[in-house]
Amino acid sequence: MADAGVFIEDRRASNVDEPALANGLTDLKKKSPEPLSSRLKRIVVTNLLVILTVTAVIIGIFIGLGVRNAKLSQTQIIYFGFPGELLVRLLKMIIIPLVVCSLVSGAASIDPKALGKLGGWAMLFFLVTTLISSAIGVIMAFIIKPGSSDGAKLTVASTDDQVPEAKEVVDSFLDLIRNIFPANLVAAAFQSYATGYKLVRNNMNTTNITLEKVPVGTDVDGMNILGLIVFAMAFGVALRKLGEEGEILVRFFNSFNEATMVLVSWIMWYAPLGIMFLVAAKIVEMEDVGKLFASLGKYIACCVLGHAVHGLLILPLIYFVITRKNPYTFLLGLITALATAFGTSSSSATLPLMMKCVEENNGVSKHISRFILPIGATVNMDGAACFQCVAAVFIAQMNDISLNFVQVITILVTATASSVGAAGIPAGGVLTLAIILEAVGLPTNDLSLILAVDWLVDRTCTVINVEGDAFGAGLLQHFTDRNSKREGVELSEVRLGEKEGPSKTEGSPLMGKKNAELEVTGPRPCEKESVM
């Protein structure tokens, strides 16, 4: 009978569970195969933005090649590229509120110890991947030898007016530290500190007049994103220290952050149109593509191949080894952001879309994505480091300068270090390339060659930079999930122990006496309060 009772109980349990799952006939409908048309419709609707973005890039290339034959004037090209310019302006508009609010709310919601641990792991990942990327760049340059042109000197149209002024290595790193602590937060939104030089005469009383190159600080156009990040993180930690007093401000920044992300989701639907015109306008702008590729084709191939190896093999391999998850599924969720990075060639402008993709498609929590991605957009420059190393070796080969082992190591270290804090803007990597060339004693006047093809190489650089940020966020999410599981197991063990503890002492007469005393003495304070 006992067995029969158990059997009836099991049947009842199974009957209760069945309607919750399927409800009889609906179960059969669910099991029936979905029609191909409805399945295709569902896939298209789910991935509509991705399909539109990829299609926009392809259509943009064809439109650019078609319009190129019309021989547009410079003014007409500007008008033609207006929809693309509008996308860049929209993305730049959203950067400051997004970065500041996300970092303040992120730093305020995470425990300072956990914040330090997360930041430490992120910095370690970014530095290691940047160093690997630099090494790939050097290896590729030595294998392909883009600078060896059989004695013929490479020449392109002069762009000397765009070549940045060469700076001392010490001044470059001092500028980085100065920008971490901006003197004016409002000015940091549109200006950053940069060292220039002026010649000062010494020994004016004697016949031998010597000139000294003295560094002079100037404010240049360009957002000081590094200073804003450091301030926002410090402000978030300070709000957490305040406790209840700071809660209102933390809620304000959280609400501001959520509203900003709603704006980002609206901008995302305009992105395909903007990207299409950005790509088309850039193709129309190009002067003589055949001549450019004939003279610098090996250099372009070397950079793009290095980026492909790092982005399609090294970063996915690191992600797979640590998480044991499919990295290419993770990459598929980033297609919209990667296409935007290719179109805008700005990792800062891609930041809003990257946050949206990582959170919605790859399951990274808001606390991690909104804390790590703004830092990664400034600190992590894998693509730029690879391109800088290729460019340095390319310039050395072109000038018949053989690099020794110490110089190669110097290029690797300087490229990794100088990429930290490099401007997340188009052609930001070229500005730091001058530092590397100065460090190893290579001529900086050949930077005009690099600038001639920077419009193309910089796009693949930005794609790799952005991809590295996303994989960093995914790895930190994995570490956080693993730690929370461990803490959950420990917590459940503690709770079990607590449950077992009282059950053993429930029958104790001493506990009974203590409880009785508590019952007697308990109401007295309440009585006093009621009298008052």
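This is a predicted model: local features need pLDDT of at least 70, side-chain atom pairs count only at pLDDT 80 or more; totals for chains, interfaces and linings use all residues.

Student: How many disulfides does the structure hold?

Tutor: The structure holds zero disulfides.

Student: Why is C386 called buried?

Tutor: The relative accessible area of C386 is 0%, and buried means under 20%, so C386 is buried.

Student: What makes L176 buried or exposed?

Tutor: L176, which lies in helix α8, residues 169-180, has a relative accessible area of 18%. Because the cut-off for buried is under 20%, L176 counts as buried. In sequence, L176 and S418 are 242 residues apart, while in space their C-alpha atoms are 9.1 Å apart.

Student: How do you know that R178 forms a salt bridge with D175?

Tutor: The closest N and O atoms of R178 and D175 are 2.9 Å apart, and the definition asks for a side-chain nitrogen of Lys or Arg within 4 Å of a carboxyl oxygen of Asp or Glu, so the pair qualifies as a salt bridge. Both residues lie in helix α8, three residues apart, which is about one turn of the helix.

Student: Are R178 and D175 buried or partly exposed?

Tutor: R178 has a relative accessible area of 36% and is therefore partly exposed, whereas D175, at 3% relative accessibility, counts as buried.

Student: What does the salt bridge between K366 and E258 tie together?

Tutor: For K366 and E258, the closest N and O atoms are 3.3 Å apart, and the two form a salt bridge. K366 lies in helix α16 (residues 366-379) and E258 in helix α11 (residues 247-285), so the pair ties together parts that are 108 residues apart in sequence. K366 is partly exposed at 42%, and E258 is partly exposed at 34%. E258 and K366 also belong to a network of salt bridges that links them with E359 and R370.

Student: What makes K282 and E285 a salt bridge?

Tutor: Their closest N and O atoms are 3.4 Å apart, and the limit is 4 Å, so K282 and E285 meet the definition. Both lie in helix α11, three residues apart, about one turn of the helix. K282 counts as partly exposed at 25% relative accessibility, and E285 is partly exposed with a relative accessible area of 41%.

Student: How many salt bridges does the structure hold?

Tutor: There are seven salt bridges in the structure.

Student: Which residues have the most contacts inside the largest nonpolar core?

Tutor: They are L334, M354 and V358, in a core of 69 residues. The largest share of this core, 13 residues, comes from helix α6, residues 82-109. Leaving aside residues up to four places away in sequence, L334 touches M354, C357, V358, N362 and A470. A second, separate core has 38 residues and includes M140, L437, V453 and L456. In soluble globular proteins, nonpolar side chains tend to be buried together.

Student: Why is helix α14 called mostly covered?

Tutor: Helix α14, residues 335-344, has eight buried residues out of 10, and buried means under 20% relative accessible area. Among the buried residues of α14 are T336, A337 and L338. Just after α14, S345 takes a positive phi of about 50°.

Conventions: Residues are numbered from 1 along each chain as its sequence is written. Side-chain values use heavy atoms; hydrogens and water are left out. A disulfide is a pair of cysteine sulfur atoms within 2.5 Å. Buried means under 20% relative accessible area, exposed over 50%, partly exposed in between (1.4 Å probe, protein chains only). Helices (H or I, at least four residues) and strands (E, at least two) are DSSP runs, numbered from the N terminus. A nonpolar core is a set of buried Ala, Val, Leu, Ile, Met, Phe, Trp, Tyr and Cys residues joined through side-chain atoms within 4.5 Å. Contact means heavy atoms within 4.5 Å.
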